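This report describes one protein chain from its sequence and structure.

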Amino acid sequence: MVPEIKQIADRIRELRDILELTPETVAAEIGVSVETYLRYENAETDIPIGKLYLIAHALSVDPTVILMGDTPRMVDYSVIRGGKGVRVDRYAGYCIYSLAYNFIGREMEPMIVELSSPEEKADLVSHEGQEFNYALEGDVEVTVGKNAFVLHPGDSIYFNPALPHGQRAVGGPAKFLTVINERMAAAKDKSKS
């Protein structure tokens, strides 16, 4: 297990306890069974990014608090110098650097993702919102639903991340920019209640 997944789960449990919310309340708020929620909170399974945003909303905190254990501080702008993004390890083979972690109320999550060159296909995930990937270095295979596209440096793809998707390096290490809009998804989910 990636140590950061345990840290994220511990932060969620601590915040829920502080707010005196039951697992049942948070599970209902994010639309999962209590059993699934408890697996998230006990670090028995990875939490999809969309559910992390919904948990943050249910706990009335910025997602940065859950992901990194820190509170964003910037309101009008946030400058991240080259190579200074905050590293967030969530998946094996992915090295992720958050580029807007310090901006309060952000509506997008821009990240630089470095990929090793695995032999097997990427693990597929899904979440709400919209996602954009832009290949920076090496070749990146992006699977969206039943389709796979190889992006070369300068190529991009914009897609619906509710479809199962994943990325992997092809022929050697690769790097890409991803921008995920999760606020839109949280707002859609809230409007359904």
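The model is predicted, with a mean pLDDT of 85 over the chain. Of the residues in the chain, 89% reach a pLDDT of 70 or more. Among the elements, strand β6 (residues 156-159) has the highest mean pLDDT, 98, while helix α6 (residues 183-191) has the lowest, 47. Over residues 184-193 the pLDDT stays under 50. For that stretch the model has 9 contacts beyond four places in sequence. Where pLDDT is low, predicted coordinates should not be read in detail.

**Nonpolar cores**

The largest nonpolar core holds 24 residues. Those touching the most other members are Ile12, Ile30, Tyr37, Leu52, Ile55 and Ile66. Two or more residues each are given to this core by α1 (3-18), α2 (23-30), α3 (34-41), α4 and α5. Helix α4 supplies the largest share, with 7 residues.

What does Ile55 touch, not counting residues up to four places away in sequence? Its partners are Ile12, Ile30, Tyr37, Tyr40, Ile47 and Ile66. A second, separate core has 17 residues, including Ile96, Ala135, Phe176 and Ile180. In soluble globular proteins, nonpolar side chains tend to be buried together.

**Salt bridges**

The count of salt bridges comes to 9.

| Pair | N to O distance |
|---|---|
| Asp17 and Arg16 | 3.6 Å |
| Arg106 and Asp62 | 3.3 Å |
| Arg168 and Glu141 | 3.1 Å |

In the salt bridge between Asp17 and Arg16, Asp17 is partly exposed, with a relative accessible area of 47%. Arg16 is buried, and its relative accessible area is 8%.

What parts of the chain does the pair Arg106 and Asp62 tie together? The salt bridge of Arg106 with Asp62 has its closest N and O atoms 3.3 Å apart. Arg106 lies in the loop between β2 and β3, and Asp62 in the loop between α4 (49-58) and α5 (63-68), so the pair ties together parts that are 44 residues apart in sequence. Arg106 is buried at a relative accessible area of 7%, and Asp62 is buried at 14%.

The salt bridge between Arg168 and Glu141 has a distance of 3.1 Å between the closest N and O atoms. Since Arg168 lies in strand β7 (residues 165-181) and Glu141 in strand β4 (residues 130-144), this pair ties together parts that are 27 residues apart in sequence. Arg168 counts as buried at 14% relative accessibility. Glu141 is also buried, with a relative accessible area of 8%.

Elsewhere, Lys6, Asp10 and Arg13 are linked in a network of salt bridges.

**Asn102**

Asn102 is found in the loop between β2 (94-98) and β3 (109-115), and Arg106 lies in the loop between β2 and β3 too. Is Asn102 buried or exposed? The relative accessible area of Asn102 is 16%, under the 20% limit, so Asn102 counts as buried. Leaving aside neighbours within four places in sequence, Asn102 is in contact with Thr71, Pro72, Arg73, Met74 and Ser78.

Notes:
Residues numbered from 1 in each chain as written. Predicted model: local features only at pLDDT ≥ 70, side-chain atom pairs only at ≥ 80, totals over all residues. Heavy atoms only, no water. Helix = DSSP H or I, 4+ residues; strand = E, 2+ residues; numbered from the N terminus. Buried < 20%, exposed > 50% of the residue type's maximum accessible area, 1.4 Å probe, protein only. Contact = heavy atoms within 4.5 Å. Salt bridge = Lys/Arg side-chain N within 4 Å of Asp/Glu carboxyl O. pLDDT = per-residue confidence, 0-100. Core = buried A, V, L, I, M, F, W, Y, C linked by side-chain atoms within 4.5 Å.
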